[in-house]
Amino acid sequence: MSKIRMDFAIAMVVAYGVGSLVNFGAGKVIDVMEEKSKEEVFSDIEIGAAAGEGTPIVESISDMMREDYFTAHIKKEQELGTLYYDGVFYHIYELGSGEVVLADENFYNAQYDHDPDDTSMFPDIYRVLPVGRVVMGQLDEGLIEAAEEEGYAFTDTSFYIDMRGAFKEFSREEWEGRAELLSFVVGFAAFLLIRYLMIASGVFPPVFPLRFLKSWKRYVNYYGIIYYGDEVKQIVELRKKGKMDEAAYELSKLIGVDNEEAQMAMRFWSDIYGEGILKV
């Protein structure tokens, strides 16, 4: 049974630790980003922000068409449902006019309020939608069909309401996937660096892809490129001239192996040369 090299094991443990540390730190950053995405942002005019006191309130499609930006007060019974289509959760609302519209909403900036004149113990609560604007353009047929399958029929399919703006929906899964990739890349880089430092320092012998050429360790930098002198240039020239036996003989003298092993090396010369192990 082959034994695991000590330098490999050490580098693997260190790399795992570094990767885990990066993943842990990234998780903390993601927590902060997620909480930040939930913070309410108030504005009279910023699309997707929580509506301010100066934001016009609309009750019909015609009201929307007259305003550059607006909000709407939606009671519980006017929240008809949600629809997931092409990666977006849309909200379907019935306006005060009875018209049914489609909105892409930043729900973190929606607020709950009630009529200040209603002094009853349990006043009617309504949602104050985020600041929105009309986006003209015929809705996708697939989106319309999906809504109809759920029992919803839009009053007008030539537009939708953008109530998200620059407030992108936070996806923890997406960011955690990026964090895992980052921790793997950093861990792998740490693995290569640790092994290089341990081998370059001479504490551990190098690992060479062509194991039968172990004596080349005097000339081969494990992860780098070594520049050879006239001896290797001579071998290259002999090979170009087809003098393989002479090339093998010169190689055996250069690296201190017997002729049989040098002959074997000649057969793998393209691998040696092509992988950048030799640089003449």
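**A walk from a buried strand to an open helix**

Let's start with Glu105, which sits in strand 6, residues 100-105. Strands here are DSSP runs of E at least two residues long, helices are runs of H or I of at least four, and both are numbered from the N terminus. What you're looking at is a predicted model, where local features need pLDDT of at least 70 and side-chain atom pairs 80 or more, while totals for chains, interfaces and linings use all residues. Residues are numbered from 1 along each chain as its sequence is written, and side-chain values use heavy atoms, without hydrogens or water.

Glu105 has a relative accessible area of 0%, so it counts as buried. (Buried means under 20%, exposed over 50%, and partly exposed in between, with a 1.4 Å probe and protein chains only.) Leaving out residues up to four places away in sequence, Glu105 touches His91, Tyr93, Ala110, Arg127, Leu129, Pro130, Met163 and Arg164; a contact means heavy atoms within 4.5 Å.

Now hop over to helix 4, residues 172-200, where you'll find Phe188. Phe188 counts as partly exposed because its relative accessibility is 44%. Together with Leu181, Phe184, Val185 and Leu192, Phe188 makes a nonpolar surface patch of about 500 Å².

Finally, step back to the whole chain. It has eight helices and 12 strands, and buried residues make up 35% of its 280 residues. Among contacts between residues at least 6 apart in sequence, 61% join residues at least 24 apart.

Note on methods
Patches are made of residues with over 30% relative accessible area and no salt bridge: like charges are joined within 9 Å, nonpolar side chains (Val, Leu, Ile, Met, Phe, Trp, Tyr) within 5 Å. Accessible areas come from the Shrake-Rupley method with a 1.4 Å probe; for residues, only the protein chains shown count as cover. A salt bridge is a side-chain nitrogen of Lys or Arg within 4 Å of a carboxyl oxygen of Asp or Glu.
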